Amino acid sequence: DRRLPVAERRGYRHVFDAVYRIGREEGVLTYWRGSTPTITRGIVVAIAQVATYDQFKAISLRSGLFKDGFGLFVFCSILSGLCYSFFSMPVDTVKTLIQNQKPLNAAGDLEYKGMLATMVKAARQEGLGRLWRESARASW
């Protein structure tokens, strides 16, 4: 609530007031808004990080550039981290857009309806780079 402009703040007194009012004013399902993108991001992170680390390690050992040890660990971790960031940023951007959206009207209609629709809409409105820009800015 504090990061919103003063005019848009809901004025929660404490966390329990926020939990109660969100459920009452926006509906109980609001608590789970963004859970699918969060779970999807977790899957992408796990796959990107674990699979790429093992691949980079195997390739590096076969090439003879590294022996098994700390240097190999650091090298493969850096490359794996770059892959993790590249593949998770679009999902993280979509997750953030979905979780931060506000209802468009009194009926509670939302601008973003799902992950793929959000991804396509964001890319169409601001270009494909939009999917990486927000997360990259937050990383620095």
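1. Let's start at one residue: Leu82 is exposed, since its relative accessible area is 55%. For this label, exposed means over 50% relative accessible area, buried means under 20%, and partly exposed lies in between, using a 1.4 Å probe and protein chains only. Leu82 sits in helix α3.

2. A word on what you are looking at. This is a predicted model, in which local features need pLDDT of at least 70 and side-chain atom pairs count only at pLDDT 80 or more, while totals for chains, interfaces and linings use all residues. Residues are numbered from 1 along each chain as its sequence is written, and side-chain values use heavy atoms, with hydrogens and water left out.

3. Now the overall layout. The protein has five helices and zero strands, and from the N terminus on its elements run α-α-α-α-α. The protein is more spread out than a compact globule, because its radius of gyration is 20 Å, well over the 14 Å that the globule rule gives for 140 residues. That radius is taken over C-alpha atoms, and the rule is 2.2 Å times the number of residues to the power 0.38. Helices here are DSSP runs (H or I, at least four residues), strands are runs of E (at least two), and both are numbered from the N terminus.

4. Some whole-protein numbers fill in the picture. Along the principal axes, the C-alpha atoms fill a box of roughly 65 × 35 × 25 Å. Of the 140 residues, 27% count as buried. Contact means heavy atoms within 4.5 Å. Among contacts with a separation of 6 or more, 51% are between residues 24 or more positions apart.

5. Where does Arg41 lie? Arg41 is found in helix α2, which covers residues 35-63. Arg41 counts as partly exposed because its relative accessibility is 23%. Leaving aside neighbours within four places in sequence, Arg41 is in contact with Tyr84, Val91, Asp92 and Lys95. Arg41 and Pro90 are 49 residues apart in sequence, with their C-alpha atoms 9.0 Å apart in space.

6. Lys95 lies in helix α3. Is Lys95 buried or exposed? Lys95 counts as buried, because its relative accessibility is 16%. Leaving aside neighbours within four places in sequence, Lys95 touches Gly34, Pro37, Thr38 and Arg41.

7. Another residue of helix α2 to look at is Ser60. With 6% relative accessibility, Ser60 counts as buried. Its contacts, apart from neighbours within four places in sequence, are Leu65, Phe66, Leu72, Phe75 and Cys76.

8. Next, the inside. The largest nonpolar core has eight residues: Val91, Val94, Leu97, Ile98, Tyr112, Met115, Ala122 and Leu131. Ile98, leaving aside neighbours within four places in sequence, is in contact with Arg33, Gly34, Pro37, Tyr112, Gly114, Met115 and Thr118.

9. Finally, the largest pocket, which holds about 450 Å³ of space. It has 14 lining residues, and the closest to its centre are Arg3, Arg10, Gln99, Asn100 and Gln101. On a 1 Å grid over the protein atoms alone, a pocket is an open set of points where a 1.4 Å probe fits, with protein on both sides within 12 Å along at least five of seven lines; lining residues have an atom within 4 Å of a point. The volume is the space filled by probe spheres set on the points. Helices α1 (15-26) and α3 (70-100) each supply at least two residues of the lining.

Technical notes
A nonpolar core is a set of buried Ala, Val, Leu, Ile, Met, Phe, Trp, Tyr and Cys residues joined through side-chain atoms within 4.5 Å.
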